[in-house]
Amino acid sequence: FSFGGLTDVVPGTQLYSRDWGQWERGPDDYLQSGQWIGWRMQVPTGKIAKMACYIKFMGQIPDRSNHFGMRFQGQLHNEWVDKTRLTADVWHHVTATSTTTLGGDANHFILIFDSVPGPDRIQIGGLRLEIFDSLPAALGFVCHPGPGVSPPPSDPSLNPPSPEGEDEGG
């Protein structure tokens, strides 16, 4: 992964974002810790954290497991890993929201893949973490599946091909 960035949006809200990347585990690779992308930072208890990203599972969707999903200071949210709502080889936009608990899981806010067995390849884009002082309009997770969801053209290797006849803009 090659990611980075921090932007203040409005008073009382911080936005942290990462670019685009790919996670991969080979068929002979053992399950191991440290398979995550995200942030390690202290956020006081009682704030609202929302994580979102575009995600594309290449070839297959892994089973939901205890070290795969969005983790907020130790609180795992993987309700969005739902094989009835996700489609392999299609970009999906997924989100999860949680109340912060200072110090949990060494203050990690991460998208974690530790328990995903190989072989597997997952593309990730636009990973965002927003921290709110108060409750946003909706608390919970949302999954927006659909072939119309795709990442911006920042890395050609991550872009799905455009349907024929569709204007790519410019």
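**View 1. Contacts across the predicted protein chain.** Residues 24 or more positions apart make up 78% of the protein chain's contacts with a separation of 6 or more. Keep in mind that what you're looking at is a predicted model. Of the chain's 170 residues, 44% count as buried.

View 2. Counting up the elements of the protein chain gives 11 strands and 0 helices. Read from the N terminus, the order is simply β-β-β-β-β-β-β-β-β-β-β.

**View 3. β6 alongside β9.** Strand β6 covers residues 69–72, and strand β9 covers residues 108–112. The two run antiparallel, joined by 4 bridges. For a handy landmark, look for R71 of the β6 stretch, which sits opposite I110 in β9.

**View 4. β6 alongside β7.** β6 also pairs with strand β7, made up of residues 75–77. This pairing is antiparallel too and takes in 3 bridges.

**View 5. The turn between β6 and β7.** β6 and β7 form a hairpin with 2 residues between the strands. Zoom in on Q73 in this hairpin: its phi is positive, near 45°.

Note on methods. Residues are numbered from 1 along each chain as its sequence is written. This is a predicted model: local features need pLDDT of at least 70, side-chain atom pairs count only at pLDDT 80 or more; totals for chains, interfaces and linings use all residues. Side-chain values use heavy atoms; hydrogens and water are left out. Buried means under 20% relative accessible area, exposed over 50%, partly exposed in between (1.4 Å probe, protein chains only). Contact means heavy atoms within 4.5 Å. Two strands pair if DSSP finds at least two bridges between them.
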